[in-house]
Amino acid sequence: MATKIADTFYISHGAPTLAIDDTIPARRFLQSFQASVFPVRPKAILVVSGHWDTDEPHVNVVKRNDTIYDFYGFPKAMYQLKYPAPGAPELAERVKEVLTASGFGPVGEDKERGLDHGAWVPLMLMYPEADIPVCQLSVQSNRDATYHYNMGKALAPLKDEGVLIIGSGATTHNLRALKLRRSDSQQAEPWAAEFDNWLKEALLSGRYDDVNKWAEKAPNAKMAHPWPDHFYPLHVAMGAAGNDSKAKQIHTSWGLGTLSYSSYQFTPAS
């Protein structure tokens, strides 16, 4: 019988170079994930990445995950990395079942798609052996945060089957506002820090409804997320943990002045 997984996670994956750049503090955090944050080995991993955005929910159904290089202009070494984790067709089918039963259907299948960098970059650091089956689920940026929170609630039964649910995005994600030439790139711009701090306070105090209404409640909301694709994975992870779960910030750092690497663990109430 699979070990039940209680906790869910939201990981800010930042820039793709997280995979190779030792100067990024979040890299060391993710490398220590199994030893210092979550030593439980899951049966399978479900990743909700901000880099797969569809009108309706989709899962990838493959035997072996290809590594998708969904970026350009990066160092050659980035395109030589591989993360050949097994696919998880059985998990994909369960995701379809639980989402359809909760009114999120129809759920589409992609039988060719591997893992985008929002999935494989953090997983390469967290689970470098690439021996745990991985299924990816898309976000719907044409919907709102509450929709994704309820999607997470629908996925919650999978935790009892040994599935680790990870949302992967960025707590602030405005690519046009990146400070590419700043020497102090790990120092946050004021507007970004204000949003990031608001989110931390809201999560740690259990104000999940405010986080679901972030677009109207949070300071600098549209500056932090001109498009919500990288934020909605947070709501899925939050919903999958349950209304009374406890949020914990497990990492915080900055890159390029406006890119937050803040990451969170959600533990259900005992």
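Which residues have the most contacts inside the largest nonpolar core? Here are some notes on that and on a few other features.

1. **Ground rules.** This is a predicted model, where local features need pLDDT of at least 70 and side-chain atom pairs count only at pLDDT 80 or more, while totals for chains, interfaces and linings use all residues. Residues are numbered from 1 along each chain as its sequence is written, and side-chain values use heavy atoms, with hydrogens and water left out.

2. **The cores.** Leu155, Leu203 and Phe266 have the most contacts inside the largest nonpolar core, which has 53 residues. A core here is a set of buried Ala, Val, Leu, Ile, Met, Phe, Trp, Tyr and Cys residues joined through side-chain atoms within 4.5 Å. Buried means under 20% relative accessible area, exposed over 50%, and partly exposed in between, with a 1.4 Å probe and protein chains only. A second, separate core has 38 residues, including Ile5, Val47, Ala85 and Ala170.

3. **Around Leu155.** Contact means heavy atoms within 4.5 Å. Leaving aside neighbours within four places in sequence, Leu155 is in contact with Leu46, Val95, Val98, Leu99, Leu137, Ile165 and Val236.

4. **Helix α3.** Helices (H or I, at least four residues) and strands (E, at least two) are DSSP runs, numbered from the N terminus. The 13 residues of α3 reach 18 Å from first C-alpha to last, close to the 18 Å expected at 1.5 Å a residue; the expected span is 1.5 Å times one less than the number of residues. After α3 comes Gly103, with a positive phi near 85°.

5. **Helix α6.** With 15 residues (190-204), α6 reaches 21 Å from its first C-alpha to its last, close to the 21 Å expected at 1.5 Å a residue. Its buried residues are Trp191, Ala192, Phe195, Asp196, Trp198, Leu199, Ala202 and Leu203. Seen down the axis of α6, they fall within an arc of 155°, so they line one face of the helix; the arc is that of the directions from the helix axis to the C-beta atoms. The face turned away from the buried side carries the exposed residues Pro190 and Glu201. Just after α6, Gly206 takes a positive phi of about 75°.

6. **Salt bridges.** Counting a side-chain nitrogen of Lys or Arg within 4 Å of a carboxyl oxygen of Asp or Glu, the model has ten salt bridges. Lys96 pairs with Glu109, their closest N and O atoms being 2.7 Å apart. This pair links distant parts of the chain, 13 residues apart, with Lys96 in α3 (89-101) and Glu109 in strand β4 (108-110). Glu109 is partly exposed at 32% relative accessible area, and it also meets Lys111 in a salt bridge (3.9 Å, N to O). Lys111 is exposed, at 61%.

7. **Arg27 and Asp22.** These side chains meet in a salt bridge at 2.6 Å, N to O. Arg27 is buried at 12% relative accessible area, whereas Asp22 is exposed at 52%.

8. **Arg113.** Where is Arg113 placed? Its place is in the loop between β4 and α4 (117-126), and Arg113 counts as buried at 14% relative accessibility. Not counting residues up to four places away in sequence, Arg113 touches His51, Trp52, Asn60, Val62, Asn65, Ile68 and Gln136.
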